[in-house]
Amino acid sequence: MRWRSAVGLILGAAVLAATLSYAGAGAVVRTLEGLRLRGLLIIVAAHLPVVALMGLAWSLAAGAVPPASARRFMWARLVRDAAAETLPFSQIGGFVLGVRALRSSGPAALRGVLSMSVDLVVELAAKLPYVLAGVLTLLALAPGSGLMRPLGIGLALTAAAVAVPVLGRRRLGDVCQRAIRKVSRRWPVLASLRRMHAQGDINGALDDILSRRGRLAQGFALHTLCWFLGAAELWLVFDLLGHPVSAARALVVDAVVAGLRTFVFMVPAAAGVQEACYVLAGAVFGIAPAVAVAASLARRARDLTLGAATLAIAVGTDRAITNRNFSQAASAASGLSSRIGPARRPLRSEVVDVTSSTAFPLEGGCDCGQIRYRMETAPLIVHCCHCRWCQRESGAAFALNALIETERVVHLKAEPQIIDTPSLSGRGQK
């Protein structure tokens with residue numbers, strides 16, 4: 001898949017170079033200078049409500065009991081789009097980071113993945129009436145345009161892409177199951193989904209999501225609204241560039257670009273092809289090629305600016321949460337000695353780093369073979385305790401205590417029985 005993305009990006013770069021040559025790179029730069037930083041910030045701010053509405057549509061697709069709050073879904077959608085725009089080679093990276101931003105695990109994470117898949121289909125379905133509105137407007141404004149045929153083909157392809165998962169509803173669960181297994185091996189953040197391998201788990205959750213037709217209809221309405229708001233954003237871009245167009249023409253141009261992009265899904269971020277589509281659509285209304293390319297690049301600048309800021313915040317937030325979890329784990333490990341009670345010699349401990357040279361997931365278990373488990377990722381902390389009581393209990397020089405999130409440990413055979421072990425303090429430990 002990576003070599004295909006690379007080939008697509010190379011082809012897109014070639015199309016972009018040809019488009020810039022045709023439009024005139026100098027003219028494009030001069031047009032973009034009219035946007036200025038103030039104009040860029042305006043179109044970034046104008047796009048935030050659209051992302052929020054798309055996140056709300058995703059939460060509606062999650063069913064009556066969504067795995068996260070509506071605000072969390074809005075943030076996850078922002079992260080998802082940011083990764084898709086700033087990491088064009090990672091075609092699934094945006095989806096993975098979006099699910100991760102929900103901060104769900106186990107069944108909730110599974111519902112997040114399935115609802116995202118359903119939401120993608122709903123969003124694509126909402127594209128149909130939007131492009132159709134653009135076609136009808138184009139027919140009224142420029143009935144002899146040569147774009148009618150490719151737009152019709154784009155509509156047909158979009159309808160086919162929507163019909164396949166809708167008609168193959170039962171197969172959609174199988175596809176999601178295979179995708180989850182494949183992606184979870186590559187992305188440890190989704191490793192907790194592997195325990196949801198049973199066919200009934202996935203299809204049961206998927207059936208519950210698809211049975212909420214009222215919520216899906218609301219999501220469809222929100223996505224349709226977002227498509228039309230995209231036309232309003234394009235109208236704003238042309239105005240800020242100093243080349244205003246009517247709302248109807250902005251609708252046609254944006255709908256034409258949305259329809260023609262159906263053909264170039266293999267090109268990462270539609271690099272180059274999007275600019276060519278703007279030139280083709282703008283030519284119908286006499287919009288100069290330099291202005292059309294500048295409008296496309298302005299929207300890319302918006303996406304990159306918003307994407308870079310979003311990912312920076314997401315990375316900082318994840319780092320803060322990781323540090324907090326590590327501190328809590330260290331405190332828990334230190335508190336272990338207080339539950340054991342006073343030792344005959346001072347407590348000595350070491351923290352072992354198992355992340356730098358150990359490949360995960362790892363499997364282990366009891367010698368009897370009845371208890372087997374798999375650690376999907378590295379533990380938060382591995383604590384070696386050398387107190388006398390731990391030496392007595394383990395029969396070794398020290399005891400190893402590994403602290404790891406519950407959802408990242410999978411029991412492969414029998415469930416272990418939790419036993420309270422007596423300690424010198426009298427309070428015991430598990």
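**Notes on the predicted model**

1. Strand β2 (residues 362-365) and strand β3 (residues 372-375) run antiparallel and are joined by four bridges. The model is a predicted one, and the points below should be read as such. Within this pair, glycine 364 stands opposite tyrosine 373 of β3. The two strands form a hairpin with six residues between them, and in the turn glycine 369 has a positive phi of about 85 degrees.

2. β3 also pairs with strand β6 (residues 409-411), in the antiparallel sense and over three bridges. Here arginine 374 has valine 410 in β6 as its bridge partner.

3. Strand β4 (residues 381-385) is joined by five bridges to strand β5 (residues 399-403), and the two run antiparallel. In β5, leucine 400 is the residue opposite cysteine 384.

4. Is β4 covered on one face or on both? Side chains in a regular strand alternate between the two faces of the sheet. In β4, Ile381, His383 and Cys385 lie on one side and Val382 and Cys384 on the other, and all are buried, so that both faces are covered. Five of the five residues of β4 are buried, that is, under 20% relative accessible area.

5. Among the helices, α3 (residues 36-61) packs against α4 (residues 70-86) at an angle of about 115 degrees, and their axes are 7 Å apart. The crossing of α3 past α4 is right-handed. From α3, the residues in contact include Leu48, Val51, Met54, Leu56 and Trp58, and they meet a set in α4 that includes Phe73, Met74, Leu78, Arg77 and Arg80. By class, this contact has 11 nonpolar, two polar and three charged residues.

6. The largest nonpolar core has 46 residues, and Leu138, Phe238, Val253, Val256 and Ile287 are those with the most contacts inside it. At least two residues of this core come from each of α3, α6 (107-141), α7 (148-167), α10 (213-240), α11 (247-260), α12 (273-283) and α13 (289-340). The helix that gives the most is α13, with eight residues.

7. Which residues does isoleucine 287 contact, leaving aside its neighbours within four places in sequence? They are Phe238, Val245, Val253, Gly282 and Ala292. Of these, Phe238 and Val253 are also listed with Ile287 among the residues with the most contacts inside the largest core.

8. Another core lies apart from the largest one; it has 12 residues, among them Val99, Ala101, Val113 and Ala314.

Terms used
Residues are numbered from 1 along each chain as its sequence is written. This is a predicted model: local features need pLDDT of at least 70, side-chain atom pairs count only at pLDDT 80 or more; totals for chains, interfaces and linings use all residues. Side-chain values use heavy atoms; hydrogens and water are left out. Axes are lines fitted to C-alpha atoms, for helices over the stretch in contact, and angles run from 0 to 180 degrees between N-to-C directions. A crossing is left-handed if the near helix is turned anticlockwise from the far one by less than a right angle, and right-handed if clockwise. Contact means heavy atoms within 4.5 Å. Ala, Val, Leu, Ile, Met, Phe, Trp, Tyr, Cys and Pro count as nonpolar, Asp, Glu, Lys and Arg as charged, and the others, Gly among them, as polar. Two strands pair if DSSP finds at least two bridges between them. A nonpolar core is a set of buried Ala, Val, Leu, Ile, Met, Phe, Trp, Tyr and Cys residues joined through side-chain atoms within 4.5 Å. Buried means under 20% relative accessible area, exposed over 50%, partly exposed in between (1.4 Å probe, protein chains only).
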